[in-house]
Amino acid sequence: MPARDFSSFPSTAPIHRLGGIFIRHNDYYRKTLYNNLLWLHAGGSYCDLHFRDGKHLTVSLCLASVLSQLPSDRFCRIHQSYAVNLHAITMFYGNTVCLGEREFPVSRTCRPDLLSRLNILGNR
């Protein structure tokens, strides 16, 4: 099998290209695909990451720091305390976003950015 030429790849390729992110858990790093990360909840200097399988993981980073490591075309801050995976939104109305049966508040300041990222057919 011929050797692959990786010279065209930048040495600091963003993790976004890998389709996921490695999250520290105890003494190891666990890869999590972006599709499996549904929403993030801020709690001061901690952030809870909630996954599709119903589990969650707390990291000792603020929400802004976690969001800076995630692809901005996939994740959006919707409130001072919440960010969601745009691909997981099933419905929205007024100042509320739904991911399945779960509802999240959308702040007035975050609403314009959220609406600009959604593909909306019809009147706004």
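What share of the 124 residues in the chain is buried? Buried residues make up 35% of the chain. Keep in mind as you look around that this is a predicted model.

**The overall layout**

- The chain contains two helices and ten strands.
- Reading from the N terminus, the order of these elements is β-β-β-β-β-α-β-β-β-β-β-α.
- Contacts also reach across the sequence: of those with a separation of 6 or more, 34% are between residues 24 or more positions apart.

**Aromatic rings**

- Three aromatic pairs are counted in this model.
- One of them brings together Tyr 34 and Phe 75 in an edge-to-face arrangement, with 6.1 Å from centre to centre and 75° between the planes.
- This pair links distant parts of the chain, as its two members are 41 residues apart.
- To find them, look for Tyr 34 in the loop between β2 (28-33) and β3 (37-43), and for Phe 75 in strand β6 (residues 75-77).
- Why does Tyr 34 count as buried? Its relative accessible area is 3%, and the word applies because that value is under 20%.
- Phe 75 is also described as buried, at 3% relative accessibility.
- Elsewhere, Trp 39, Tyr 82 and Phe 104 come together as one aromatic cluster.

**The largest pocket**

- How can you look for empty space in a structure? Rolling a probe the size of a water molecule over the atoms shows where it is left.
- The largest pocket has a volume of about 230 Å³.
- Its lining is made of 13 residues, and those nearest the centre of the pocket are Phe 22, Ile 23, Arg 24, Val 59 and Leu 61.
- Which strand gives the most to this lining? That is β1, with four residues.
- Both β1 (20-25) and β5 (56-59) supply at least two residues each to the lining.
- By residue type, the lining of the largest pocket has nine nonpolar residues, three polar and one charged.

- Ile 78 sits in the loop between β6 and β7 (82-85).
- Is Ile 78 buried or exposed? It counts as buried, because its relative accessibility is 0%.
- Beyond its neighbours within four places in sequence, Ile 78 touches Ala 83, Val 84, Phe 104, Pro 105, Val 106, Ser 107, Cys 110 and Leu 114.
- Ile 78 and Arg 111 are 33 residues apart in sequence, yet their C-alpha atoms are 6.7 Å apart in space.

- Arg 77 belongs to strand β6.
- Its relative accessibility is 30%, so Arg 77 counts as partly exposed.
- Leaving out neighbours within four places in sequence, the contacts of Arg 77 are Leu 63, Ala 64, Leu 67, Tyr 82, Ala 83 and Cys 110.
- Along the chain, Arg 77 and Leu 114 are 37 residues apart, while 7.9 Å separates their C-alpha atoms.

**Putting the pieces together**

- Cys 110 is in contact with Ile 78, and Cys 110 is also in contact with Arg 77.
- Ala 83 is another residue touched by Ile 78 and by Arg 77.
- Phe 104, a member of the aromatic cluster, is in contact with Ile 78, while Tyr 82, another member of that cluster, is in contact with Arg 77.

Technical notes:
Residues are numbered from 1 along each chain as its sequence is written. This is a predicted model: local features need pLDDT of at least 70, side-chain atom pairs count only at pLDDT 80 or more; totals for chains, interfaces and linings use all residues. Side-chain values use heavy atoms; hydrogens and water are left out. Rings of Phe, Tyr and Trp (its six-membered ring) pair if their centres lie within 6.5 Å; planes under 30 degrees apart count as stacked, over 60 as edge-to-face and the rest as tilted. Buried means under 20% relative accessible area, exposed over 50%, partly exposed in between (1.4 Å probe, protein chains only). On a 1 Å grid over the protein atoms alone, a cavity is a set of points where a 1.4 Å probe fits but cannot get out, and a pocket is an open set with protein on both sides within 12 Å along at least five of seven lines; lining residues have an atom within 4 Å of a point. Grid points are joined across faces, edges and corners, and a volume is the space filled by probe spheres set on the points. Ala, Val, Leu, Ile, Met, Phe, Trp, Tyr, Cys and Pro count as nonpolar, Asp, Glu, Lys and Arg as charged, and the others, Gly among them, as polar. Contact means heavy atoms within 4.5 Å.
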